[in-house]
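Dear colleague,

Please find below the structure that I am handing over to you. My notes on it follow directly after.

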Protein chains: 2
Amino acid sequence: MKKMINNPDNIVDEMLNGMVAAHPDYVKRVDGCDVLVRANGSQGKVVLISGGGSGHEPAHGGYVGKGMLDGAVAGAMFTSPTPDQVYEAIKAADGGKGVLLVIKNYTGDVMNFEMAADMAADEGIEVEKVVVNDDVAVENSTWTTGRRGIAGTIFVHKCAGACAEKGGSLAEVKAVAEKVIANVRSMGMAIAPCTVPAAGKPSFELADDEVEIGMGIHGEPGTHREKIRSVAETTDTLLEKILAEGIYNAGDEVAVMVNGLGATPLQELYLANLRVSEVLAEKNIKVAKTLVGNYMTSIDMAGYSITLLKLDAELKELVNAPADTPAFVQV
Amino acid sequence: MKKMINNPDNIVDEMLNGMVAAHPDYVKRVDGCDVLVRANGSQGKVVLISGGGSGHEPAHGGYVGKGMLDGAVAGAMFTSPTPDQVYEAIKAADGGKGVLLVIKNYTGDVMNFEMAADMAADEGIEVEKVVVNDDVAVENSTWTTGRRGIAGTIFVHKCAGACAEKGGSLAEVKAVAEKVIANVRSMGMAIAPCTVPAAGKPSFELADDEVEIGMGIHGEPGTHREKIRSVAETTDTLLEKILAEGIYNAGDEVAVMVNGLGATPLQELYLANLRVSEVLAEKNIKVAKTLVGNYMTSIDMAGYSITLLKLDAELKELVNAPADTPAFVQV
């Protein structure tokens with residue numbers, strides 16, 4: 001294993017401190033916790049909290065800021081944060097108007113965030129939750145009952161966060177999050193696995209000419225392995241499964257995300273986006289917004305995922321609303 | 001070679017089309033050229049044009065937009081753009097107030113941008129140039145007389161671009177660019193080489209426990225190879241050489257960039273930034289701004305560079321001024 005780290009056991013702690021050192025105007029760390037909250041707090045607004053295992057940077061701490069999250073909980077690498085940590089995040093971020101937890105659908109995350117919600121409710125904090133399950137690749141997986149939550153989660157942060165920022169009630173913010181979840185689908189592929197530092201070896205093995213289609217963001221198995229093909233053909237395969245959901249039809253408007261998994265050159269992501277734009281144009285699906293970059297990574301995995309979000313007037317306004325966070329700024 | 005591409009010969013063309021498809025509100029392509037300019041043009045302002053070989057994405061096309069560049073020329077992979085292409089960029093972007101070329105110091109780039117400047121001058125366009133040479137690692141290199149231009153170039157785009165955006169004259173914009181160049185220094189390291197698609201094999205070889213210190217963004221040799229050490233120790237080595245320049249002293253304010261070379265997980269960049277912040281704090285050098293991410297890459301190289309820019313009141317205002325480009329947005 002070749003990595004630029006100090007001690008594998010201290011990565012999350014040091015990474016969070018490195019983030020605060022870089023972005024002190026945006027985020028501060030909750031004392032003694034692996035939790036980032038907004039530097040200037042979130043008084044008087046509905047609060048959004050997300051998180052999960054570390055290794056998906058900039059998710060989720062990079063999205064703490066105006067128009068997106070109010071708090072992010074960082075578990076150990078690829079490991080759900082404990083209920084205590086989520087509870088501390090809720091208490092630290094709470095602005096007095098209620099809290100929405102945005103959870104990616106992994107069994108541990110759902111359980112631990114729910115326990116934290118109960119703890120907070122016992123203290124009189126109003127807490128709601130949504131579970132993101134945008135990955136169409138497989139129906140159940142290593143750590144999941146049902147579909148996994150992956151890069152589509154960023155669109156939940158973005159749209160629900162914009163609703164909260166403009167004064168939406170907890171019910172309104174939750175309704176937006178649920179609308180995004182109903183209309184967002186993703187699927188990914190890997191040409192090289194990631195290596196969890198403490199494990200010291202790749203999470204799976206691929207032959208020199210082989211790729212994995214539909215794997216999860218922790219290296220969970222996908223739908224199949226195949227000989228490497230062109231980015232256009234591979235993109236077609238991913239899009240085909242996403243479009244088979246029946247959500248995205250001629251005349252619809254969508255937001256697109258082409259997401260790098262950590263070690264993918266940006267040039268390859270733009271090649272993938274070119275094909276996405278061609279296929280959607282052929283189908284008369286209009287692209288109203290496109291994000292290309294590393295939004296939900298898998299440490300040093302090489303590959304990408306594609307996400308589509310169907311937009312109505314409300315979601316179009318929210319996805320285009322201003323945001324100002326360490327990893328996502330929009331005027 | 002494992003890459004998500006179509007045909008190695010078409011990557012630049014397809015990448016530029018993928019960028020335009022993703023960011024039509026920001027950039028458009030000049031017909032028949034590997035040149036991106038602002039979608040809404042640059043009338044009535046001094047124009048900044050940069051570029052160079054492809055493979056450094058988001059540099060430079062990702063920085064075309066308000067507050068930064070007006071045009072970017074994309075050469076073949078790791079290959080200087082031809083004078084003709086630079087000339088087309090100048091003509092397409094020209095807003096009638098003069099043009100500043102921001103050139104990274106590589107022999108081919110300098111020669112070809114200068115030839116293009118001469119061609120444009122013959123047509124009555126006022127053209128000035130600056131050459132960025134921020135890499136302190138080596139004094140001459142494979143394609144360079146003098147020091148190489150690397151990630152510090154982004155600070156030239158940012159500060160000179162902000163000056164141009166607020167109505168600075170060509171002389172004023174050039175003076176800002178020269179001030180940045182005088183005050184910016186960088187150095188990088190690699191734990192894994194990049195692979196140029198058309199070459200099909202890594203640009204250099206490293207043993208499993210070996211890293212290269214001070215290599216260039218095309219894989220040019222650095223100062224030495226060494227056994228892999230911790231990110232803190234490695235960061236110390238890079239910073240030591242940057243600080244030996246004598247530019248950054250107790251009481252100074254600086255902007256910091258921790259730049260990923262393409263395949264480096266963001267978590268590692270934040271670990272590096274933590275060490276940078278510690279060392280600068282020890283030396284009583286104040287960090288006024290920090291950028292952490294993939295700003296000037298080397299295709300799929302793994303590793304990072306550190307850049308320091310000493311700020312005076314003018315540069316501090318300019319580096320913090322708003323920007324709105326595909327790869328860099330600041331409120």
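**The interface between the chains**

Chain B and chain A bury about 4,300 Å² between them, with 64% of that area on carbon and sulfur atoms. Please bear in mind that this is a predicted model. The contact involves 53 residues of chain B and 54 residues of chain A. On the side of chain B, the most area is lost to chain A by Lys2(B), Met4(B) and Gln267(B), which together account for 22% of what that side buries.

Polar contacts, by contrast, are found across the interface of chain B and chain A in 21 residue pairs, with both residues at pLDDT 80 or more. The side of chain B that touches chain A receives two or more residues from each of the following elements of chain B: H1, strand S7 (184–192), helix H6 (231–243), helix H7 (266–282), strand S11 (286–293) and strand S14 (329–330). By residue class, that side of chain B comprises 28 nonpolar, 15 polar and 10 charged residues.

**A helix pair across the interface**

One packing arrangement between the chains deserves a separate description. Helix H7 of chain A (residues 266–282) packs against helix H1 of chain B (residues 11–22) at an angle of about 65°, and their axes lie 7 Å apart. H7(A) and H1(B) form a left-handed crossing. From H7(A), the residues in contact are Gln267(A), Tyr270(A), Leu271(A), Asn273(A), Leu274(A) and Ser277(A). Their counterparts in H1(B) are Ile11(B), Glu14(B), Met15(B), Asn17(B), Gly18(B), Met19(B), Ala21(B) and Ala22(B). Taken by class, the residues of this contact of H7(A) with H1(B) are eight nonpolar, five polar and one charged.

**Backbone geometry to inspect**

Most residues other than glycine have a negative phi, and most peptide bonds are trans. The following places depart from that pattern.

- In chain A, the peptide bond from Glu57(A) to Pro58(A) is cis, with omega near 10°. Pro58(A) belongs to the loop between strand S3 (47–54) and strand S4 (71–77) of chain A.
- In chain B, a cis peptide bond runs from Ala59(B) to His60(B), with omega near 0°. His60(B) is located in the loop between strand S3 (47–54) and strand S4 (71–77) of chain B.
- Asn284(A), a residue other than glycine, has a positive phi, near 60°. Asn284(A) sits in the loop between H7 and strand S11 (286–293) of chain A.

With kind regards

Definitions and conventions:
Residues are numbered from 1 along each chain as its sequence is written. Chains are lettered from A and ligands numbered from 1 in the order in which they are written. This is a predicted model: local features need pLDDT of at least 70, side-chain atom pairs count only at pLDDT 80 or more; totals for chains, interfaces and linings use all residues. Side-chain values use heavy atoms; hydrogens and water are left out. Axes are lines fitted to C-alpha atoms, for helices over the stretch in contact, and angles run from 0 to 180 degrees between N-to-C directions. Helices (H or I, at least four residues) and strands (E, at least two) are DSSP runs, numbered from the N terminus. A crossing is left-handed if the near helix is turned anticlockwise from the far one by less than a right angle, and right-handed if clockwise. Contact means heavy atoms within 4.5 Å. Ala, Val, Leu, Ile, Met, Phe, Trp, Tyr, Cys and Pro count as nonpolar, Asp, Glu, Lys and Arg as charged, and the others, Gly among them, as polar. Buried area is the accessible area (1.4 Å probe) that two parts lose on being put together, summed over both. A polar contact is a pair of N or O atoms within 3.5 Å; within protein, one must be able to donate a hydrogen and the other to accept it, and residues adjacent in sequence count only if both atoms are side-chain atoms.
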